[in-house]
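Here are some friendly notes from a read through this model. Have the structure open alongside as you go through the points.

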Amino acid sequence: MSGIHVTTKINGDEVQFVCEADESLLDVLRNRLGLTGAKEGCGTGDCGACSVTVDGRLTCSCLVLGAEVDGHDIGTIEGMAMGDELHPLQKKFIEHAALQCGICTPGFLVAAKALLDHNPEPTETEIRFGLAGNLCRCTGYDKIVRAVQAAAEEMNSAKKIQQKVA
Amino acid sequence: MRYESPTSFKAAAELLSKEKGQAFILAGGTDLLVRMRTGFIEPDLVVDIKRIGGSREIKKTESGFKIGAAVSGAELGEHKALKKAWPGVVEAANLIGSKQVQGRCTMAGNLCNASPAADSVPALVAAGAKAVIVGPKGKRKVAVEEIPTGPGKTSLKKGEIVESIILPKRAPKSGDAYLRFIPRSEMDIAVVGVGVNVTLDAKGIVTKARVALGAVAPTVRLVPAAAKALIGTKMEDAALDKLAEACAAACSPIDDKRGTREFRIKVAGVLARRAAIIARQRAGGK
């Protein structure tokens with residue numbers, strides 16, 4: 001079987017790869033590109049551990065074919081921190097101990113960032129619904145929700161300070 | 001497996017009709033890829049329709065809205081004019097799966113997957129939506145309720161693709177609503193779903209109504225007797241009782257782990273009442 005040649009952008013960088021027709025984006029990221037942040041939990045779109053964004057929209061990379069993303073922009077957990085500077089969500093997850101085994105964490109972070117990009121001041125209910133597609137089997141959800149609330153607060157106050165300075 | 005991403009529906013229909021093996025259409029993939037992964041199907045050909053012009057567009061036209069077959073749930077939810085005209089359809093589509101699934105899932109896919117519990121379908125049927133189908137013999141337009149014929153089965157012929165879904169233009173004082181029962185608060189499959197769509201006159205009397213039930217029969221069911229119970233009334237308690245009775249009578253559900261037959265029949269009536277009240281409020285009635 002001949003491979004399919006795909007040109008895409010991942011976290012802002014142009015990336016080219018060759019994949020099989022039935023290969024998922026998740027498998028391409030992990031097995032061909034060495035981006036192992038996205039995890040395979042269920043492989044059927046239920047657990048959210050493989051969450052990425054495609055053109056800014058949150059999706060499960062296990063439910064996308066690698067061949068489909070030609071010409072599209074992919075965002076993964078690897079693009080979240082700015083160099084050594086962790087994203088506020090990542091910092092708050094650590095501070096609030098919002099992880100134990102960590103398998104679900106990249107997916108939760110990508111989903112939480114997509115949520116805050118769309119809705120910078122979510123209520124607790126909105127956070128819980130927004131993250132309903134991500135399953136955690138060890139920490140429990142309260143610490144995760146608190147971490148997202150704390151990150152949102154910090155990001156919003158930083159924005160307000162910037163606006164005042166401007 | 002071969003993967004093709006043609007740029008016209010005609011080319012897509014040709015690919016599908018010429019394929020000798022198992023061929024499938026890929027829009028959002030939230031059902032197709034799961035079925036591939038779990039080994040239910042082994043496609044020889046997958047035809048991705050997302051590179052076809054118009055497939056990812058919502059167009060407001062003279063006669064209503066034309067929604068491309070690959071428009072995602074999230075895109076429907078962000079379209080203000082569509083949400084204002086057809087809030088019941090949009091809320092039904094937005095109930096499908098998680099935020100991740102919403103980023104990809106489509107109403108055309110929900111329709112063609114032909115699950116009796118598909119959330120967007122009762123709302124589309126109540127809305128009087130039509131599906132535009134492209135095939136080897138040209139285009140045809142059918143009422144959405146004519147597409148699913150049983151669990152996982154459709155009336156689409158080999159090579160045919162739903163190109164778009166048409167929602168009619170809204171008459172003044174109209175409203176629709178969709179409600180479903182699930183044992184959890186999110187991320188579940190409907191045990192019962194009810195779509196109600198009404199138009200009122202200046203006095204608040206129902207002049208037109210359509211009621212559709214999901215998850216209580218092998219296909220989503222349009223219930224003319226339920227609509228009849230509302231027409232000519234202001235939806236007083238007696239009319240709502242008749243609506244609930246008509247809905248219960250139209251059910252022929254299965255018993256399964258998510259709900260017994262008796263429970264589904266009872267809940268169909270309860271949800272129909274509640275959805276009718278919301279639809280009336282949205283239509284500007286009291």
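**Notes on the model**

1. In chain A, A:Ile4 sits opposite A:Cys19 of strand E2(A). Strand E1 (residues 4-10) of chain A pairs with E2(A) in the antiparallel sense, over 7 bridges. Strands here are DSSP runs of E with at least two residues, helices are runs of H or I with at least four residues, and both are numbered from the N terminus; two strands pair if DSSP finds at least two bridges between them.

2. A word on conventions: this is a predicted model, in which local features need pLDDT of at least 70 and side-chain atom pairs count only at pLDDT 80 or more, while totals for chains, interfaces and linings use all residues. Residues are numbered from 1 along each chain as its sequence is written, and chains are lettered from A and ligands numbered from 1 in the order in which they are written.

3. Chain A has an open sheet of 5 strands, ordered E2-E1-E5-E3-E4, with mixed pairing. On average, neighbouring strands are turned by 40° against each other, direction ignored. H3(A) packs on this sheet, touching strand E3 (51-54) and E4 of chain A, and its direction makes about 40° with that of E3(A). Axes are lines fitted to C-alpha atoms, for helices over the stretch in contact, and angles run from 0 to 180 degrees between N-to-C directions.

4. The largest nonpolar core holds 144 residues, and B:Leu111, B:Leu124, B:Val194, B:Cys247 and B:Ala272 touch the most other members. Such a core is a set of buried Ala, Val, Leu, Ile, Met, Phe, Trp, Tyr and Cys residues joined through C-beta atoms within 7 Å; buried means that 20 or more other C-beta atoms lie within 10 Å of a residue's own, with C-beta atoms placed from the backbone. Beyond four places away in sequence, B:Cys247 touches residues including B:Val194, B:Leu213 and B:Ala272.

5. Chain B has 11 helices and 14 strands. Its radius of gyration is 19 Å, close to the 19 Å that the globule rule gives for 286 residues, so chain B is as compact as a globular protein of that length. The radius is taken over C-alpha atoms, and the rule is 2.2 Å times the number of residues to the power 0.38. Of the 286 residues, 53% count as buried.

6. Between the chains, 20 residues of chain B are in contact with 22 residues of chain A, contact meaning C-beta atoms, placed from the backbone, within 7 Å. On the chain B side, H2(B) gives the largest share, 4 residues.

Note on methods
A residue is buried if 20 or more other C-beta atoms lie within 10 Å of its own, exposed if 12 or fewer, and partly exposed in between; C-beta atoms are placed from the backbone. Two residues are in contact if their C-beta atoms, placed from the backbone, lie within 7 Å.
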